[in-house]
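Biologist: Before we use any labels for this model, I would like each one set against its criterion. Can we go through them in turn?

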Number of protein chains: 2
Amino acid sequence: MSSFLSQRMQGVEQSLIRRINDMADPSCINLGLGEPSFPTPEKLRDFLKENIDSWHLGYSPNAGIPELRKLIAEKSSSRAPADQVCITVGSEEALFLSLIATVDPGDEVLIPDPGFSTYETITKIVDGVPKKYTLDPAKNFAFRADDIEKFISGKTKVIIINSPNNPTGAVYPDKELEKLAAFLMDRQIFAVSDEVYQDIFFDELPPSISRHMENCVVINSLSKSFSMTGWRIGWCLFPEEMKIPFIGLHQMAVMCAPVISQKVAVAALQGIAEEEKNKNLEELRRRRKLAMSCIEKYTDLDYVKPSGTFYILVDVREKSLRFGNSLDITLNILEKQKVVTVPGEAFGKAGEGFLRLSFAAAPKNIEEGIRRIGHFFMK
Amino acid sequence: MSSFLSQRMQGVEQSLIRRINDMADPSCINLGLGEPSFPTPEKLRDFLKENIDSWHLGYSPNAGIPELRKLIAEKSSSRAPADQVCITVGSEEALFLSLIATVDPGDEVLIPDPGFSTYETITKIVDGVPKKYTLDPAKNFAFRADDIEKFISGKTKVIIINSPNNPTGAVYPDKELEKLAAFLMDRQIFAVSDEVYQDIFFDELPPSISRHMENCVVINSLSKSFSMTGWRIGWCLFPEEMKIPFIGLHQMAVMCAPVISQKVAVAALQGIAEEEKNKNLEELRRRRKLAMSCIEKYTDLDYVKPSGTFYILVDVREKSLRFGNSLDITLNILEKQKVVTVPGEAFGKAGEGFLRLSFAAAPKNIEEGIRRIGHFFMK
């Protein structure tokens with residue numbers, strides 16, 4: 001019997017990161033997941049409990065609660081006003097719809113390598129052609145406009161920029177973003193700037209390319225900064241031209257973002273949980289140091305020092321002769337040491353030879369997990 | 001400057017229903033919206049308040065909380081097991097992804113006329129060709145397999161079935177569904193069965209085409225039956241073949257449905273709010289009678305007696321010479337009588353000449369709204 005699936009579904013499946021996480025039983029130490037171990041701030045949960053009975057829990061306007069759109073427009077470095085903001089089901093929906101809205105069949109979408117694997121899958125779903133721009137491991141995965149320009153062709157329609165970068169932890173310098181923006185504007189290339197880790201940085205505040213160009217979608221969420229991944233609350237800001245079609249598309253896709261999450265997001269952006277948020281960010285800074293010191297103490301591996309995100313790449317290239325590629329290593333560490341890591345190949349070719357460890361895990365798990373990884377390689 | 005929008009975005013905008021609702025100021029009587037006036041049942045809100053502090057509010061598995069998927073598989077008339085259930089962001093996401101997953105460029109999608117307008121818009125977004133099958137006003141919009149077969153061509157890939165039907169309120173008879181299912185299976189046509197109004201019926205329980213064929217997606221939600229539209233919680237059940245790509249696609253689109261809503265959905269399906277749900281359904285039954293008696297009392301209009309949903313179509317065809325088409329009438333009633341209605345043309349050609357009134361509104365609004373509509377035509 002013939003398949004009912006559309007062509008664009010070929011090869012669509014859950015991401016490798018998710019599948020590896022699903023393989024792990026609860027007794028494993030999880031250094032694989034992309035979410036903080038902190039609960040959602042107590043003040044936000046209390047706000048919900050105290051106010052839910054007074055809320056209208058029917059549909060919100062498609063694009064979101066006006067007050068929330070206004071707060072986001074005010075806080076963003078993008079110059080888009082509130083009516084160019086759409087509240088989305090996490091940053092994932094914003095990303096998915098941004099590519100549906102801009103990519104025609106055959107258009108090339110430039111994607112960071114290493115980079116979040118869903119960029120490539122979504123590009124294929126919208127009939128676009130994913131092309132990678134390499135962030136060179138030999139240059140510590142640095143983001144350089146001159147290097148990226150070489151990957152642009154006459155068919156490039158969209159470039160995805162992700163700073164702070166998952167998985168490298170790099171924060172892109174403002175002067176490189178400015179230089180790239182000028183180049184993109186010259187060639188009428190649209191930018192999708194995924195800034196979901198913007199609040200999680202260890203040196204200077206991560207700049208946004210939206211300061212330098214208007215033809216971009218800026219994507220962000222409360223998931224990582226407020227430990228609200230399960231609440232599914234994100235947003236994007238877009239150019240005036242996209243306003244009507246994007247909000248229409250969003251209505252067709254999900255109608256509106258969950259209203260309880262929107263209500264709580266207003267309170268979060270008004271600052272009622274700022275103290276706990278900052279405490280958690282401080283704790284992430286400590287865990288980053290812990291992760292680096294544990295790698296030095298328990299392993300003989302090099303690592304890429306992150307400037308943002310809660311990920312750290314450890315270099316296992318010298319181990320490949322004995323232990324196989326990054327996926328082999330991940331699967332073996334999972335089986336033998338009960339530690340979940342993510343193989344670099346999940347992020348593209350340039351990620352091969354690295355493992356991504358998350359230090360959003362609890363400190364005792366960071367220490368024990370890295371100790372076991374060290375033990376794995378010592379044997 | 002050239003547009004950055006993809007071709008498929010041409011003409012995508014918020015639905016006419018939404019735009020009319022957005023035009024209305026809060027002082028208007030709203031007989032236009034697709035949601036009950038009841039609050040979400042108190043027992044569900046209490047359950048949330050009492051338990052949220054003990055919940056993990058990070059990501060759920062992409063396809064949803066296992067317990068919820070299991071409950072849905074058990075309650076559905078579809079034979080799909082729990083691992084062929086995906087929890088979605090309301091029924092809207094399920095519909096959007098079902099068409100992405102099955103429609104190739106140029107494939108024809110058969111859509112009910114009159115029918116929910118987003119069917120057509122989504123079909124265009126996925127590069128499909130929308131074709132309408134007419135539910136004939138002269139036959140009281142009855143669903144007859146023989147009539148529908150005539151609209152099927154060699155290019156028909158998918159048919160959308162919506163029973164109880166929005167806007168006609170028709171519940172499709174099981175023997176017609178069975179007959180159509182046999183015809184669809186012969187021709188390898190896939191069915192998308194939108195059953196979001198399944199719990200809202202006034203005579204016999206609405207049957208599902210999924211009892212008669214496997215190659216279909218069944219879509220449902222808690223939105224209408226539990227007054228949870230803003231919670232964005234729905235689901236679909238699909239054939240075994242779609243399991244991996246559909247859940248992968250869902251991950252790319254939204255990652256997972258909102259976790260708080262999923263947790264509350266488990267409690268709802270376990271029955272903790274059954275009493276309030278049934279009370280509300282009884283109240284809707286009373287409001288249906290009220291709406292019919294008000295139409296008889298205050299207007300000289302015919303109407304289509306609904307067997308399900310909370311909509312009633314009133315026939316304004318004889319008014320068109322004096323008052324214009326259904327959109328003109330809707331806009332004039334809104335301006336002059338401050339009552340929101342939905343023009344039949346929002347649902348397709350076969351809906352033209354009718355207005356859709358929602359009796360999910362509060363009784364005093366139903367009465368006053370219909371009184372004003374009567375007044376509008378009497379002048």
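Modeller: Two residues are in contact if their C-beta atoms, placed from the backbone, lie within 7 Å. This is a predicted model. By that criterion, 63 residues of chain A are in contact with 63 residues of chain B.

Biologist: Which helices of chain A supply at least two residues each of the side that touches chain B?

Modeller: They are H2 (42-51), H4 (90-102), H5 (118-125), H8 (243-254) and H9 of chain A. The largest share, 9 residues, comes from H8(A). By class, this side of chain A has 31 nonpolar, 21 polar and 11 charged residues.

Biologist: What makes helix H8 of chain B, residues 243-254, largely enclosed?

Modeller: A residue is buried if 20 or more other C-beta atoms lie within 10 Å of its own. In H8(B), 10 of the 12 residues are buried, so the helix is largely enclosed by the rest of the structure. Among the buried residues are Phe246(B), Leu249(B), His250(B) and Met252(B).

Biologist: What covers the buried residues of H8(B)?

Modeller: The cover includes elements of both chains: helix H1 (16-23), H4, H5 and H8 of chain A, and strand E2 (85-88) and helix H4 (90-102) of chain B.

Biologist: How do you know that the span of H8(B) is close to the expected one?

Modeller: The expected span is 1.5 Å times one less than the number of residues. H8(B) has 12 residues, and the span expected is 16 Å; from first C-alpha to last, the helix reaches 16 Å. Met255(B) follows H8(B) and has a positive phi, near 70 degrees.

Biologist: Why is Gln188(B) called exposed, and why is Lys338(A) called partly exposed?

Modeller: The limit for exposed is 12 or fewer neighbours, and partly exposed lies between that and the buried limit of 20 or more. Gln188(B) has 12 C-beta neighbours inside 10 Å, so it counts as exposed. Lys338(A) has 16 inside 10 Å, so it counts as partly exposed.

Biologist: What is the phi of Gln188(B), and what is that of Lys338(A)?

Modeller: Gln188(B) is not a glycine, yet its phi is positive, about 55 degrees. For Lys338(A), also not a glycine, phi is positive at about 55 degrees. Gln188(B) sits in the loop between helix H7 (174-186) and strand E6 (190-194) of chain B. Lys338(A) is in the loop between helix H12 (326-337) and strand E11 (339-340) of chain A.

Biologist: What makes E2 and E4 edge strands of the sheet in chain B?

Modeller: The sheet is open, with 7 strands in the order E2-E8-E7-E6-E5-E3-E4 and mixed pairing. E2 and E4 (129-134) of chain B each pair on one side only, and they are the edge strands. On average, neighbouring strands are turned by 20 degrees against each other, direction ignored.

Biologist: How do you know that E3(B) and E4(B) pair?

Modeller: Pairing needs at least two bridges. E3(B) and E4(B) have 6 bridges, in the parallel sense. Asp113(B) stands opposite Thr134(B) in E4(B). Helix H5(B) packs on the sheet, touching E3, E4 and E5 (156-162) of chain B, and its direction makes about 165 degrees with that of E3(B).

Biologist: Where is there a cis peptide bond at Asp113(B)?

Modeller: The bond from Asp113(B) to Pro114(B) is cis, with omega near 5 degrees. Pro114(B) lies in the loop between strand E3 (108-113) and helix H5 (118-125) of chain B.

Biologist: What makes strand E10 of chain B, residues 311-315, largely enclosed?

Modeller: Of its 5 residues, 4 are buried, so the rest of the structure largely encloses E10(B). E10(B) pairs with strand E9 (302-304) of chain B in the antiparallel sense over 3 bridges, and Val314(B) is the bridge partner of Tyr303(B). The two strands form a hairpin with 6 residues between them, and Thr309(B) in the turn has a positive phi of about 65 degrees. E10(B) also pairs with strand E13 (354-358) of chain B, antiparallel over 5 bridges. There, Leu313(B) stands opposite Arg356(B).

How values were computed: Residues numbered from 1 in each chain as written. Chains lettered and ligands numbered in written order. Predicted model: local features only at pLDDT ≥ 70, side-chain atom pairs only at ≥ 80, totals over all residues. Nonpolar A, V, L, I, M, F, W, Y, C, P; charged D, E, K, R; others polar. Axes fitted to C-alpha atoms, helices over the stretch in contact; angles between N-to-C directions.
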